[in-house]
Structure formats: C-alpha cells, structure tokens
Amino acid sequence: MKKCTVIGGGAMGRQIALNTAIHGYEVVVCESFPAALESLESWKEEYLAGRVAKGRMTQEQVDAVKARFSVTGDLAVACKDTDIVIEAIIEDKQAKTDLLSKVSKLVRPDTVIATNSSFMVSSTFADAVDHPERLANLHYFMPALVMKLVEVVKGEHTSQETVDKLMEFGRSTGKTPALVKKEEDGFIVNNVLKAIKEEAYRLVSEGVCSLEDLDTAVKLGLGHPMGPYELDDMSGIDVRYNVLKRRYEETGVKSYGYDMISKLYEEGRLGKKTKHGFYDYE
C-alpha cells in the first residue's frame, strides 16, 4: 500500500495522517469543516517546524513530508485511487455508518477500510459496506504520533488478507500492532482501562480523594505516564461521554463518573482541545 486516506482532521485523525506521511505514504486528509481544515494546516506547519528545531528531522525531510500530505473537503477526491481509508470521525454510530457506506462506493473493491473507533466494532458497519471482508478496526492511541501501539481487530466478516495488510501497515508506519482475534467492545487496552477508570471515578465520586491526588497516585504508584482524569482530558471528554452514554442506554446503569462527564460535556469543557476539562490548560 502506498496511498492512505484519513477521514476526519480532528485531534486523532490529523496525528494518524501526519505519522503515516512521515513514514513515506502519500496521505490525503478529508475534513468537511473549513475551520478544522485551517487549524489542521497551521498545526502541521507548527509541528514539523518543531521537529526541525529540535534536530529530529531535516528541512529536506520535512519538505518531502509536506509534498506527500494534502487536505481536502471533497470525499470523492480523498478516496480516489487510495489503498487504505482510515475513518477517524466522531464516535457516533449513524455518522460512521453513513460515511463508511459512501466510502465503500467511492474506493476500489480491494481498498482496505478501517475504522479507528475506540469501542464500536467494525461488524456494526459491515452491512453498510460493499465487500465487508476488507473492513476492520485499526485503533490508534493518543497521541498517535507518539504512542507505539495499534490494535487490529478481526471481525467474523474480516478476511485474513485484510488483517495481514493492516498488521503490515501498522509496522510500516512505526507502530507495533496487537491482534484482537475476535470482536469485543473496547478491544484489549480499553477493557483493562475500563476497570481502572471505574475505580478512579468511584473513589473521587465518593469523596475518598481528589481527582488531582488520584492522578498523582496512579502516576507515581503505578508508573502510568498520566492519570485517568488527565487521560480523559487528553483523549477528549466528548469521546468519554459518548462511550458512557451508549453504555447507559444499553444497560440502564450509570457508570461511575457519568454525571461528572456529562456536566463537563454540557459546559463545552472537552479537555485539552478546548483548553478546559477536568484541568485547565491556558
């Protein structure tokens, strides 16, 4: 595979795209919101300039990356002659279904279609995609330019050829892929993390400790790079809200932290991307 399309130029999509371009692929980012497109371009320039300033890339390498990296608001243009499409839009089932249905009709029959969804397994969208054997989850972690892991999730509809292609794609873009052999919401990491977050929200909700002290304890006591509340700010309060909301709708049971997350979401405090979440980032 040589050409990659990333749909969604938000915090996750832009990092997936730039990481892929840095590793030699031609990358097109499709983003429908003009403000997001403008933000993406300025972010790319700033990030690459920083790499040169820190001596991690030469100006010649940066120029080559820029030549391989383009953005568009036109889905058909983004999907033309691409080898792999990575969907990285909002965690909304209907939005993803509509998008993936359009994508599957715009790309070649052999183009791999991957969803970066954190919790929605790809079989959720299999009926909407032509040739669903080429559909799978390819789950990155924030920050995608730094984190080495990607989870490749094989659904019953997913062919082994697609799995092999995604595993190799992960390796060729500097990642270490972990294979999830059968679908389960949350995959590997988020299922382990779910148990940690449930306890983290319970302890703070019941007044056992402050969220600041909990984050400190997890970092210094367990060796995690950031605490659960810092992690939700990093990945996005809206992402966490959609996960907890879906769980509540399916089970009728509120997870610990649901009310805390809902309040932040309603206030527009979505974490680092809005400079306000559990913490302030002015």
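Two strands are taken as paired if DSSP finds at least two bridges between them.

**View 1. The eight-stranded sheet of the predicted model.** The eight strands form an open sheet in the order β3-β2-β1-β4-β5-β6-β7-β8, and their pairing is mixed. At the edges lie β3 (69-72) and β8 (176-180), each of which pairs on one side only. Direction ignored, neighbouring strands of the sheet are turned against each other by 25 degrees on average.

**View 2. The pairing of β1 with β2.** Residues 3-7 make up β1 and residues 26-30 make up β2; the two strands run in the parallel sense and are joined over five bridges. In this pair, lysine 3 stands opposite glutamate 26 of β2.

**View 3. Helices α3 and α6 on the sheet.** Helix α3 (residues 59-68) packs on the sheet and touches β2 and β3. The direction of α3 makes about 35 degrees with that of β3. Helix α6 (residues 160-172) also packs on the sheet, where it touches β1, β4 (84-87), β5 (112-115), β6 (135-140), β7 (149-153) and β8. Between the directions of α6 and β6 the angle is about 25 degrees.

**View 4. The crossing of helices α7 and α9.** The axes of α7 (residues 189-205) and α9 (residues 228-235) come within 10 Å and cross at roughly 115 degrees, which means that α7 is roughly perpendicular to α9. On the α7 side, the contact is made by Leu193, Ile196, Lys197, Ala200, Tyr201 and Val204. Helix α9 contributes Pro228, Tyr229, Leu231 and Asp232. Of the residues in this contact between α7 and α9, eight are nonpolar, two are charged and none is polar.

Note on methods
Residues are numbered from 1 along each chain as its sequence is written. This is a predicted model: local features need pLDDT of at least 70, side-chain atom pairs count only at pLDDT 80 or more; totals for chains, interfaces and linings use all residues. Side-chain values use heavy atoms; hydrogens and water are left out. Helices (H or I, at least four residues) and strands (E, at least two) are DSSP runs, numbered from the N terminus. Axes are lines fitted to C-alpha atoms, for helices over the stretch in contact, and angles run from 0 to 180 degrees between N-to-C directions. Contact means heavy atoms within 4.5 Å. Angles under 35 degrees count as roughly parallel, over 145 as roughly antiparallel, 65 to 115 as roughly perpendicular and the rest as oblique. Ala, Val, Leu, Ile, Met, Phe, Trp, Tyr, Cys and Pro count as nonpolar, Asp, Glu, Lys and Arg as charged, and the others, Gly among them, as polar.
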